[in-house]
Amino acid sequence: MGEGVKWLVVAAILVTCFEVMQRYVFNNPTMWGYETPIQIGAAMYALSWGYVLLQKGHVRVDIFYAKFSDRRKALVDVLCFLVLFLPVISYLTYKSFTWMTYAWRIGEKSVFTYWYPPIAPLRTLIFVGVTLLLLQGLAGFWRDIYMLAKGERYD
């Protein structure tokens, strides 16, 4: 997913360049040129969260953690997963699902421009992104459990 999502950057750049050309060269701005790159960027960020977790790219305080053994790191990761990650991301998954279904049910539209595009597709991509983050977190959790039990890395 992370490798595929990078192409959304190209799409956002192309849309932005087209809008700038329409606005300043042809003096004919589009209604959708402002909001479309914002929605593409939101989709890009949401869909990349799980990939960033896989690559260990999220912010982490390494003052003490870096000096720990692999087994102690796994223990800290398991505890943080159970206390912080699982409750928060489970709640976000639930809420993003309810926002997504609500948006589809009422035909929710964005009100930031006079274009009023449907917001449900973006809410769906956010739900998918949060779900992928949860799944990647669960995979990391099981790797850490394996490390605690066997004393060796799973992958």
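**Exercise 1. State which residues Asn-28 is in contact with, leaving aside its neighbours within four places in sequence, and place Asn-28 in the fold.**

Solution. Once the neighbours within four places in sequence are set aside, Asn-28 is in contact with Gln-22 and Arg-23. The model used here and below is a predicted one. Next, the location: Asn-28 sits in the loop between helix 2 and helix 3.

**Exercise 2. Compare the span of helix 2 with the expected one, then determine how its buried residues are arranged around the axis.**

Solution. Start with the length. Helix 2 runs over residues 7–25. Its 19 residues reach 26 Å from the first C-alpha to the last, close to the 27 Å expected at 1.5 Å a residue. Now list the buried positions of helix 2: Ala-12, Val-15, Glu-19 and Gln-22. Viewed down the axis of helix 2, the buried residues fall within an arc of 95 degrees, so they line one face of the helix. That buried set packs against helix 3 (35–54). The face turned away from the buried side of helix 2 carries the exposed residues Trp-7, Leu-14, Tyr-24 and Val-25. After helix 2 comes Asn-27, with a positive phi near 50 degrees.

**Exercise 3. Find the nonpolar surface patch that includes Val-25, and decide whether Val-25 is buried or exposed.**

Solution. Val-25 belongs to helix 2. With a relative accessible area of 60%, Val-25 is exposed. The members of the nonpolar surface patch are Phe-18, Met-21, Val-25, Phe-26, Met-31, Trp-32, Val-111, Tyr-114, Trp-115 and Tyr-116. Together they have about 1100 Å² of accessible area.

**Exercise 4. Check the span of helix 6 and say what its buried residues pack against.**

Solution. Helix 6 covers residues 120–150, which is 31 residues. At 1.5 Å a residue the helix should span 45 Å, and the end C-alpha atoms are 45 Å apart, which agrees. Among the buried residues of helix 6 are Leu-122, Phe-127, Val-130, Leu-133, Phe-141 and Met-147. Gln-136 and Asp-144 are also on the buried list. The packing partners of the buried residues are helix 3 and helix 5 (70–106). Just after helix 6, Gly-151 has a positive phi of about 80 degrees.

**Exercise 5. How many salt bridges does the structure hold, and which parts of the chain does the pair of Arg-153 and Asp-70 tie together?**

Solution. There are four salt bridges in the structure. Side chains of opposite charge can pair when their charged atoms come close.

- Lys-6 and Glu-3 meet at 3.1 Å, N to O. Lys-6 is partly exposed, at 45% relative accessible area; Glu-3 is partly exposed, also at 45%.
- Arg-153 and Asp-70 have their closest N and O atoms 3.4 Å apart. Arg-153 lies in the segment after helix 6 and Asp-70 in helix 5, so the pair ties together parts that are 83 residues apart in sequence. Arg-153 is exposed at 53%, while Asp-70 is partly exposed at 37%.
- Glu-108 and Arg-123 meet at 3.0 Å, N to O. This pair links Glu-108, in the loop between helix 5 and helix 6, with Arg-123 in helix 6, 15 residues apart. The relative accessible area of Arg-123 is 25%, and it is partly exposed.

How values were computed. Residues are numbered from 1 along each chain as its sequence is written. This is a predicted model: local features need pLDDT of at least 70, side-chain atom pairs count only at pLDDT 80 or more; totals for chains, interfaces and linings use all residues. Side-chain values use heavy atoms; hydrogens and water are left out. Patches are made of residues with over 30% relative accessible area and no salt bridge: like charges are joined within 9 Å, nonpolar side chains (Val, Leu, Ile, Met, Phe, Trp, Tyr) within 5 Å. Accessible areas come from the Shrake-Rupley method with a 1.4 Å probe; for residues, only the protein chains shown count as cover. A salt bridge is a side-chain nitrogen of Lys or Arg within 4 Å of a carboxyl oxygen of Asp or Glu. Helices (H or I, at least four residues) and strands (E, at least two) are DSSP runs, numbered from the N terminus. Buried means under 20% relative accessible area, exposed over 50%, partly exposed in between (1.4 Å probe, protein chains only). The expected span of a helix is 1.5 Å times one less than its number of residues. The arc is that of the directions from the helix axis to the C-beta atoms. Contact means heavy atoms within 4.5 Å.
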